[in-house]
Amino acid sequence: YMAPKRNIESFGETVPSEAPTFYPSAVEFENPLRYIQSIREQSERYGICCIVPPPSWQPPFVLDRNKLKFPTRVQKTNELLVRRVQRLQFMKELAEFWDAAGSPMSRIPVVCGKDVDLHLLHLSVKKLGGFEIVTNDRKWTSVCEAMNIRHESRQHAMGALRKHYQQLILPFIERRCKREMPQATTAASQLGGETVEPGNGIATDGVGIIKAPSTTASAASAAEADVSSSGASAVSADEAAARA
């Protein structure tokens, strides 16, 4: 079913006329801005107009080809879905963390007019060694380049990324590390290692300090053998002196 067409004039309205179209000559269009200024009064009544330039007009290339550069990226198609899943999982855990903390994330931060990819920011800082190393070694410029943020005010972009990471991501990462530490300690115990207090062991695996019982026993046995041999030598010397 199609509704019948209604005449606009029956509602007391008038059909607007079409916007004007101009066909300037090559001479008139030598200076496009001057020509646009000359037809301004005629076009303002319609709010829009169409200008068809002459066939001989060739617009100049406004960009400097010697300075024209744009970044390119190599996309691994077999990893696109994996990265997308990882990003969604990271953002879900990050949002749940701040919801539990009582400060829900209302919106994604913006730097230089672009939404900040918090997952990419986390990966970029992690790849460079972590927040402390990036800050101490002044590697936030590399973080900007990794996130494809190229702005005239580079210092502003670096400070903004550092602020957003420190406020939104760093507390979440620290909490997750504390939560994973007991699990790693339990896993080390299940593998057969004996976890002891720092200073009492010999080797460490990054989670706890693990004893080396075989090495300790060997050292103790060697020490006992040295004591026994020295004692026997002393007795033999005394007996020889008495007989003499």
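Predicted model: local features only at pLDDT ≥ 70, side-chain atom pairs only at ≥ 80, totals over all residues.
When I speak of a contact here, I mean heavy atoms within 4.5 Å. His119 sits in helix H4, and, leaving aside residues up to four places away in sequence, it touches Arg83, Gln86, Arg87, Phe90 and Met91. The relative accessible area of His119 is 8%, and since buried means under 20%, His119 is counted as buried.

Let me step back to the chain as a whole, which has 244 residues, 18% of them buried. Its secondary structure consists of eight helices and seven strands. The chain exposes about 19,400 Å², and carbon and sulfur atoms supply 54% of that area. If we take the contacts between residues at least 6 apart in sequence, 51% of them join residues at least 24 apart.

Now to the charged pairs. Side chains of opposite charge can pair when their charged atoms come close. How many salt bridges does a search of the whole structure find? The search finds three, and I will take them in turn.

In the pair of Glu44 and Arg40, the closest N and O atoms are 2.7 Å apart. These two residues are separated by about one helical turn, because they lie four residues apart in helix H2, residues 40-44. Arg40, at 45% relative accessibility, is partly exposed.

Asp117 and Arg87 form a salt bridge through their side chains, at 3.2 Å from N to O. This pair links distant parts of the chain, with Asp117 in the loop between strand E4 and H4, and Arg87 in helix H3, 30 residues apart. Asp117 is partly exposed at 24% relative accessibility, and Arg87 is partly exposed at 34%.

In the remaining pair, the side chains of Glu93 and Arg176 meet at 3.4 Å, N to O. Here too distant parts of the chain are linked, since Glu93 belongs to helix H3 and Arg176 to helix H7, 83 residues apart. Glu93 is partly exposed, with a relative accessibility of 24%.

Finally, a word on the second largest pocket, which holds about 240 Å³ of space. Of its 14 lining residues, Gly130, Phe131, Tyr165, Leu170 and Ile173 are the closest to its centre. Helices H4, H5 and H7 each supply at least two residues of the lining, and the largest share, seven residues, comes from H7. By class, the lining has six nonpolar, three polar and five charged residues.

Note on methods. Residues numbered from 1 in each chain as written. Heavy atoms only, no water. 1 Å grid on protein atoms, 1.4 Å probe; cavity = no way out; pocket = protein on both sides within 12 Å on 5 of 7 lines; lining within 4 Å. Points joined across faces, edges and corners; volume = space filled by probe spheres on them. Nonpolar A, V, L, I, M, F, W, Y, C, P; charged D, E, K, R; others polar. Buried < 20%, exposed > 50% of the residue type's maximum accessible area, 1.4 Å probe, protein only. Areas by Shrake-Rupley, 256 points an atom, 1.4 Å probe, with all protein chains shown as cover. Salt bridge = Lys/Arg side-chain N within 4 Å of Asp/Glu carboxyl O.
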